[in-house]
Number of protein chains: 2
Amino acid sequence: MARDTKVFKDVTNRLLSHLQGLTPGAELGSEATLAAALGASRTTVRSALSHMAQAGIIDWSGRDKRLARQPRRDDFFSLDETRPTAERIEEAFLHWILQGDVAPGTTLNEAELSRRYDVPAAAVREFLIRFEPFGLIEKRPNRHWVLKGFTRSFAQEMFDVREMYESHALDRLLALPAESPIRQALREIDAEHRALLKAEDAAMLSFPALDARFHRLLLSAACNRFIDNFGQTISIIVHYHYRWNKKDETLRNRKAAEEHLRILAALENGTAAEARDALAAHLATARDTLMRSVPWAGA
Amino acid sequence: MARDTKVFKDVTNRLLSHLQGLTPGAELGSEATLAAALGASRTTVRSALSHMAQAGIIDWSGRDKRLARQPRRDDFFSLDETRPTAERIEEAFLHWILQGDVAPGTTLNEAELSRRYDVPAAAVREFLIRFEPFGLIEKRPNRHWVLKGFTRSFAQEMFDVREMYESHALDRLLALPAESPIRQALREIDAEHRALLKAEDAAMLSFPALDARFHRLLLSAACNRFIDNFGQTISIIVHYHYRWNKKDETLRNRKAAEEHLRILAALENGTAAEARDALAAHLATARDTLMRSVPWAGA
DNA sequence: CTGTGGTTTTTTATTGATAAAAGACCAAAC
DNA sequence: GTTTGGTCTTTTATCAATAAAAAACCACAG
């Protein structure tokens, strides 16, 4: 077999949902236009079109492309088939690692991971290479990968960098005018926090996603690709950590949301010192929460 | 063809140079001992041994392994054959990029790089993946890699992080006792700086290596894998930059060496504030030097 | 001469085959 | 009974073949 037809399926799906908005007989526009709109090559769009013509969804001959009938639900490919491979590995792998039942020192076999997650071996390899500088895994040349585990020292070092970056970003943020896009976005996030805190406890489950957005937005004020990059990886780790550690979840999230609000309030009305103080307090809580859930043992 | 026999050649070379210290008739020791000493598998050591037996360098039958004659120069494999692939790509690629005649926006073809540097395509791919988070290149999914170039904003962002990390490391260093290994190592580096400054101008060519060691040692005080990792990459970039930018080289190096000495003196005898000040001054000069050589134009 | 679609070429992603290197196993030697 | 070396198995690195996707090319309609 050669490469997967993922892009073709994804393009077909997106083309179909576009067609749902049209009435039968409507013109579809030129191939080049469709390709540009879908962000794919004309070759792939043509494959999708001929697939849809065969299925009787469109009439197609030369320049004349018309909707023949409304797309049905079973015309679509399943979402699972179009999900990016990288995303699937990342999710499966991080879930496995942060689940906690994988001991540090475990050797990772590329072929086995590839089989287990049903993804190409090259994609597994690529993921592991990308993940290595992050420090959780290590490659022994000519040998296998070794899991170094989520140790206390790892968590500590991660937080040291996080504190450095977020403090730096906050200082940059304080220097920005109140009308800047980032500060406007922060005001919107402030409103979302208030709405979440007013809602029922169950709604608190959506806090991790909000938390990730808040911190990424904060870091984006640094306008630094290295910091953005780190923030992305950290948000993955923290996100999966939240998913895993269910203890006192609602209470913990509520407290974190309130700490976010204190930072946001200080940014809006308070002094720079108060904002720095609020951020430091929040990061200290976050560090404490994370460290509590990391086992003392481990290499 | 399958994989290269690089490890075999390297093991053979190292075994040969070990044999040069022995007199003919001497026993070589067990296969397992040799394998452990050379950091390779017994399988590979056995291949090397049978190669050397065939060449008449040793007499080998069962447990009895003796040196038959002194290894000659032409018994060795050429150094070029044993150099790690990763190192070769890194050197060739970074040299090409930092040479400056490659315009940002240039597309990189994996197969072409593989041919040009005579390294396996997979190794090129691996190198590019590792290098991507560093921000110089970018992958368009299902398409090629794109060079983003060594732009002013890139250099600026790199230095922002560098300043953050080195300041943090310095604070950690100031808290260490005078007898700590890092401070001892710094005293040795201090002496090397003084020796270099006393020597002729030509000796200043070895400064870049000393500079890299100084900064890496400083960063190592942070005891943080993320910081160490960044330091490694930066030292590569700065190293290649030095190699490229020959203007006022000696003068520039001399100045930097003196700035290093000021930091080291402050660490030894001065106040914390003086040390911080000296570091800030040095980083400002370094930033200025780098920025001067980065063209204003570019994406 | 510009936009469009049919066609061909190039490049990338993926797989399976193959040899190097590592690692496991086991019997003989000390 | 521990060490050592011969042999076999597993895993990794590499290449070649193949199909998807992209990109280039070209002819023709308007």
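**Overview**

Tutor: Chain A has 13 helices and five strands; helices (H or I, at least four residues) and strands (E, at least two) are DSSP runs, numbered from the N terminus. This is a predicted model, in which local features need pLDDT of at least 70, side-chain atom pairs count only at pLDDT 80 or more, and totals for chains, interfaces and linings use all residues. Residues are numbered from 1 along each chain as its sequence is written, chains are lettered from A and ligands numbered from 1 in the order in which they are written, and side-chain values use heavy atoms, with hydrogens and water left out.

Student: What percentage of the residues of chain A count as buried?

Tutor: Buried means under 20% relative accessible area, exposed over 50%, and partly exposed in between (1.4 Å probe, protein chains only). Chain A has 299 residues. Its C-alpha trace spans about 70 × 55 × 35 Å along the principal axes. The buried share is 45%.

Student: Is Lys9(A) buried or exposed?

Tutor: Lys9(A) sits in helix 1 of chain A. Leaving out residues up to four places away in sequence, it touches Phe77(A), Glu81(A) and Thr82(A); contact means heavy atoms within 4.5 Å. Its relative accessibility is 13%, so Lys9(A) counts as buried.

Student: How far does helix 3 of chain A reach from its first C-alpha to its last?

Tutor: Helix 3 of chain A covers residues 42-54, which is 13 residues. The expected span of a helix is 1.5 Å times one less than its number of residues. For helix 3 of chain A the expected value is 18 Å, and the reach is close to it, at 18 Å.

Student: Why do the buried residues of helix 3 of chain A line one face?

Tutor: The buried residues are Thr44(A), Val45(A), Ala48(A), Leu49(A) and Met52(A). The arc is that of the directions from the helix axis to the C-beta atoms. Seen down the axis of helix 3 of chain A, the buried residues line one face because they fall within an arc of 140°.

Student: Which exposed residues are on the face of helix 3 of chain A turned away from its buried side?

Tutor: Start with the buried side. Its cover includes helix 1, helix 2, strand 1 and strand 2 of chain A. The face turned away from it carries the exposed residues Thr43(A) and Gln54(A).

Student: At roughly what angle do the axes of helix 1 and helix 3 of chain B cross?

Tutor: Axes are lines fitted to C-alpha atoms, for helices over the stretch in contact, and angles run from 0 to 180 degrees between N-to-C directions. The axes of helix 1 and helix 3 of chain B come within 9 Å. Residues making the contact include Phe8(B) of helix 1 and Leu49(B) of helix 3 of chain B. The crossing angle is roughly 60°.
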